[in-house]
Amino acid sequence: MKNIKIILLFLFLSSCDYGVVEKEKLYEAAEAAYFEGQKDALNGEIKIKKNQDSCWIWTKSPWENGRRPIYDPSHQCESTTH
């Protein structure tokens with residue numbers, strides 16, 4: 001599943017609809033998001049956890065306004081209860 005995400009990200013970033021400037025902005029936004037997430041984690045602000053089924057879930061919104069996250073990490077869940 002991880003390989004599919006990488007392929008989709010590559011296709012999205014290499015789309016003919018985006019020029020070099022837009023691609024650089026997308027990469028910069030992705031890097032900034034990753035950086036901020038790492039900074040939050042190092043400061044003890046953890047917003048995800050594994051539930052009883054070993055599925056990753058949100059425990060807190062990643063947004064300052066508390067908006068519900070769109071990304072659902074549970075599609076990667078490999079529950080041991082099956």
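Patches are made of residues with over 30% relative accessible area and no salt bridge, where like charges are joined within 9 Å and nonpolar side chains (Val, Leu, Ile, Met, Phe, Trp, Tyr) within 5 Å. This is a predicted model, in which local features need pLDDT of at least 70, side-chain atom pairs count only at pLDDT 80 or more, and totals for chains, interfaces and linings use all residues. Residues are numbered from 1 along each chain as its sequence is written, and side-chain values use heavy atoms, leaving out hydrogens and water.

Q: What accessible area do the residues of the nonpolar patch on the surface have together?
A: The patch is formed by Ile46, Ile48, Trp56, Trp58 and Tyr71. Accessible areas come from the Shrake-Rupley method with a 1.4 Å probe, and for residues only the protein chains shown count as cover. Together these residues have about 490 Å².

Q: Is Lys47 buried or exposed?
A: Buried means under 20% relative accessible area, exposed over 50%, and partly exposed in between (1.4 Å probe, protein chains only). Lys47 has 13% relative accessibility, so Lys47 counts as buried.

Q: Which residues are linked with Lys47 in a network of salt bridges?
A: A salt bridge is a side-chain nitrogen of Lys or Arg within 4 Å of a carboxyl oxygen of Asp or Glu. Lys47 pairs with Asp40, the closest N and O atoms being 3.6 Å apart, and with Glu45, at 3.2 Å. The network links Lys47 with Asp40, Glu45 and Lys60.
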